[in-house]
Amino acid sequence: MPRFDLPLEELRVYRPRVVEPSDFDDFWAQTISEARAADWAPRVTRVESVLTSVEVNDVEFAGFGGDPIRAWYLVPSNSVGRLPTVVEFNGYGGGRGLPHERLAWVSAGYAYLFMDTRGQGSTWGSGGDTPDPHGAGVSAPGYLTRGIESPDTYYYRRVFTDAVRAVDAVRAFDRVDPDRIAVAGGSQGGGIALAVAGLQAGLVAAMPDVPFLSHFGRAVGFTDRDPYQEVVRYLAVHRDAVERTFTTLSYFDGVNFAKRSTAPALFSVALLDPICPPSTVFAASNAYAGGADVEVYPFNEHDGGGGPHWQWQAAWLADRIEKR
């Protein structure tokens, strides 16, 4: 695919004006407070596994509204004491899958929690286990316009809250060092990690790869790929809902979370990415208040650098852990 976005020298200084609601902080403070008030003790169940070097645990914790959210929690078998920990979020449409598919971070010596995304898990991969029991109004197929009539009912209000609560839950685990927790994810998972970085204090690092859910004002209509095209299809039918739709999306824009971040971040961006265009990623990384490194892949699309990038992530995170 040919390059279609701004030149790299312009991307590195790209700081667009992104709409920020006046009650953004109040909205999220109330949302997280209400979720924490509906807390219950996480359920951690040891799972017998053929993985001899990894302890596998099936977890349920209280997410948005106290809803049970599933996750895998993996710990190196022979480790002792409290460990640095990575909490990871998944890409669009995927579920938590199976434990053996998630061995990289635990093999590197970290405790590791991989969160199931509510209502997803039937598009690719090995499936998900977490329903989304909340209804929504009319929407285009997919998740991006579910409940978009209002920030209160929007699907990603629940997902972002689940992710914040995942960090809350893992902080209490006896094998986790609560002061050395990093969040990570690619595409949708990167967008979720970016939201957590803006909502959760005390993280050691954030690693959003080619993050989705940033700079909606540019992404919607700029790329012809899903998931952003879900909003285009929705608005092509609901012609009078443009202002309302973008008002809702402004409460969930990664750029607004980036401005509130405190932990250092490592982003990846691919200059041929047609799904999360480079300018939308740089809009977030350039606004990132906690300090951001950006690894640029000039000839990649939506893979965020793939396996080689994970190696760079692991070295980068180890350095941040050592400095903590």
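Hi everyone, a word on the ground rules. Residues are numbered from 1 along each chain as its sequence is written, and side-chain values use heavy atoms, with hydrogens and water left out. As the model is predicted, local features need pLDDT of at least 70 and side-chain atom pairs count only at pLDDT 80 or more, while totals for chains, interfaces and linings use all residues.

Let's start with the charged pairs. A salt bridge here is a side-chain nitrogen of Lys or Arg within 4 Å of a carboxyl oxygen of Asp or Glu. How many salt bridges does a search of the whole structure find? The search finds 22.

Strands and helices are DSSP runs numbered from the N terminus, with at least two residues (E) for a strand and at least four (H or I) for a helix.

R96 also meets D129 in a salt bridge, again at 2.9 Å from N to O. That pair, too, links distant parts of the chain, with D129 in the loop between strand 5 (111–115) and helix 4, 33 residues from R96.

Are these residues buried or exposed? For accessibility, buried means under 20% relative accessible area, exposed means over 50%, and partly exposed is in between, using a 1.4 Å probe and protein chains only. R96 is buried at 2%, and D58 is buried at 17%. D129, at 40%, is partly exposed.

Now over to R118, which forms a salt bridge with D132, where the closest N and O atoms are 2.9 Å apart. Both residues sit in the loop between strand 5 and helix 4, 14 residues apart, and both are buried.

R165 is buried, with a relative accessible area of 5%. Leaving aside residues up to four places away in sequence, R165 touches A35, R36, D39, F61, A62 and G63, where contact means heavy atoms within 4.5 Å.
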